[in-house]
Amino acid sequence: MQDDADKTAAPELTGERLTQFQLLASRRLLPLFVTQFLGAFNDNLFKAALMILFVYGGLVAEDSSDLAVNAAAALFVLPFFLFSATAGELSDKYEKSRLIRFVKISEICVAFLAGVSLYFNNLALMLVVLFLFGLQSTFFGPLKFSILPQHLHQTELVGGNAMIEMGTFVAILLGTIFGAIIGGMDQVSAWLFVLVLAVAAVGWLASWYIPVAPASAPEQPVNWNLFTATARLIGLALKNRAVFLSILGISWFWLIGGVYLAQIPNLTQDYLAGSQIVVTLILAVFTVAIGTGSLLCERMSGRRIEIGLVPFAAFGISVTGIEVYFSITAIDAVGQRDIWAFLAGDGSIRVLFGLLLTGIFGGMYVVPLMAFIQARTPEARRARIIAAANILNSAFMVVGAVFAIVWLTVLDRTIPELFLLMAVINIGVAVYIFNQVPEFSMRFIVWLLSHTMYRVTHRGLECIPEKGGAIIVCNHVSYVDALLLAGAVRRPIRFIMFKPIYEKPVLNFVFRTGRAIPIVGRSMDEAAYEEAFREIREGLADGDLLCIFPEGKLTHDGKIDAFRPGIERILQETPVPVVPMALRGLWGSFFSHHGGIFRDPKRFWSRVEIVAGDLVAPQASASELREKVSALRGEFA
């Protein structure tokens, strides 16, 4: 089967870009999706059954259940901390689909050992099996995320990551549900063993259909020393500050998620007066919400890697997390209510709704960060960077589990207070990361503007080259033209800005973060003028996408003014393709000069269209470019 070229040949990245749901029907994603889905299902099936046995089955003493639950959670993620470095190096060195098959074979072996532990009701061996499930997931993690950019276009990365994240959390949900059900049965050992083994076997079969993903760095040596390999991997991740801080953001997400999920059985029993089935309901709401938030990312980001969603989602996690605390503390109930009695009780729907929103914001938070890491990391070390992320993820999760143990047992505080504390700390973590990487905050401002004040539609943006130096020429209508263009175009744009506009408060932060190039007329400051042209030449030579508003100023009458000759000098010094674009519908808006700037706040949510035309040769004159832009704009000023 391995030699069957039709089965294993790597797909060509040509043709139409697919949506996230179309990808799920494509061989570029479906076999990987099924393989990872079943692996995540199995991990959580066994872990959930174990948790139910801890809390409801009497496997450990009642007064030790908090300790046992959080210790088991830490034990599962410990392999990620110890072995991720080796896993990342192997993933870069060898062909990935073959490695995935080896991992799935190891899962079948672990399933057999799980049967032994259950048959003898041996708690120590059950914990060893939990560790081994974490170990095989450790080696699978870098493979599944580093293989995506090899099989998907960059415009498909958000959708592909969203499907993988959604699948993971749905698998967590279903695994947890089945684990909770089986954990409450009389014949736990037989049912759990059969299901774990069957799922592992089907996952192995699915892995044979994953297309080939050639080794990214076959010459890369594997360092078998766990400690030096880990240190080297973290050092590699630190080389790109934005990527490293994105990894920290994902790790913080897993810390919060791990703390929330681990407490749900005891939270349900002790604070919500719920039975085992209520535990399943709450887990279902939380995990489905994360999957839903993941899927929303593609629609909300316009199929681009939109890190502007991250600050929005981080803020949402804290607000809803605080609300969850107050909703839990408002419930006053005793006993163990079944699902209908719980839903009928005062405050229960409020708790579920708070957890639903927290999960949705969580999914919206993590998907753009993972896609950002994949896109900003060279292929030759992508798996190792993802492995570094797994190391930090696991370290944060272990820290979260230890913190929860200390909070609940040593300090004798409550689970609702733990949730509140996590939500408050999340604000500080988010502020720190977004302060360190201004690009996140800048993209948030751009995203917010293009999704609140205006209804922005696009046409012809496929004309913009996906890579290489090029320059956009566009009409200039309002103070937010650059922000709207930046929100529409998938590639990062460096704007050539009239210096007085570049220096406007708030806008200056956005333009500096986006490496805009301020320019003034030669008569005003010749040195600044020449410096701007030097930066333009270097940017185009480096393959940047630049944008200039050749009118040199905002329109005061809605008409397109003459294009200044500066655009001709740019194209003479660095001949690159020119993309004519037009902004339609901005004249008369709040930020335009129609009737005076800032005079019409009623025009919120107004319709704006961004239109791009076919590429123009660099020999075009300023007047010819103006005609192209005027034709694109038409009468819709």
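Is L411 buried, exposed or partly exposed? With a relative accessibility of 48%, L411 counts as partly exposed, where buried means under 20% relative accessible area, exposed over 50% and partly exposed in between (1.4 Å probe, protein chains only). The structure is a predicted model, in which local features need pLDDT of at least 70 and side-chain atom pairs count only at pLDDT 80 or more, while totals for chains, interfaces and linings use all residues. Residues are numbered from 1 along each chain as its sequence is written, and side-chain values use heavy atoms, leaving out hydrogens and water.

L411 sits in the loop between α15 (382-410) and α16 (415-436); helices (H or I, at least four residues) and strands (E, at least two) are DSSP runs, numbered from the N terminus. Together with V402, V406 and V410, L411 makes up a nonpolar surface patch with about 340 Å² of accessible area. Such patches consist of residues with over 30% relative accessible area and no salt bridge, with nonpolar side chains (Val, Leu, Ile, Met, Phe, Trp, Tyr) joined within 5 Å and like charges within 9 Å. A salt bridge is a side-chain nitrogen of Lys or Arg within 4 Å of a carboxyl oxygen of Asp or Glu, and accessible areas come from the Shrake-Rupley method with a 1.4 Å probe; for residues, only the protein chains shown count as cover.

Now to the rings. The whole structure holds 15 aromatic pairs, meaning rings of Phe, Tyr and Trp (its six-membered ring) with centres within 6.5 Å; planes under 30 degrees apart are stacked, over 60 edge-to-face and the rest tilted. One of them joins F253 and W254 edge-to-face, at 5.4 Å centre to centre and 75° between the planes. F253 is buried at 7%, whereas W254 is partly exposed at 21%. The rings of F312 and F361 are also edge-to-face, because their planes stand at 75°, with centres 5.8 Å apart. F312 belongs to helix α12 (residues 309-329) and F361 to helix α14 (residues 348-376), so this pair ties together parts 49 residues apart in sequence. Ring pairs also link F253, W254 and Y365 into a cluster.

Charged side chains meet rings too. R569 lies over the face of F533, 4.0 Å from the ring centre, and K104 over that of F140, at 5.6 Å; here NZ of Lys or CZ of Arg must be within 6 Å of the ring centre and within 35 degrees of the ring normal.
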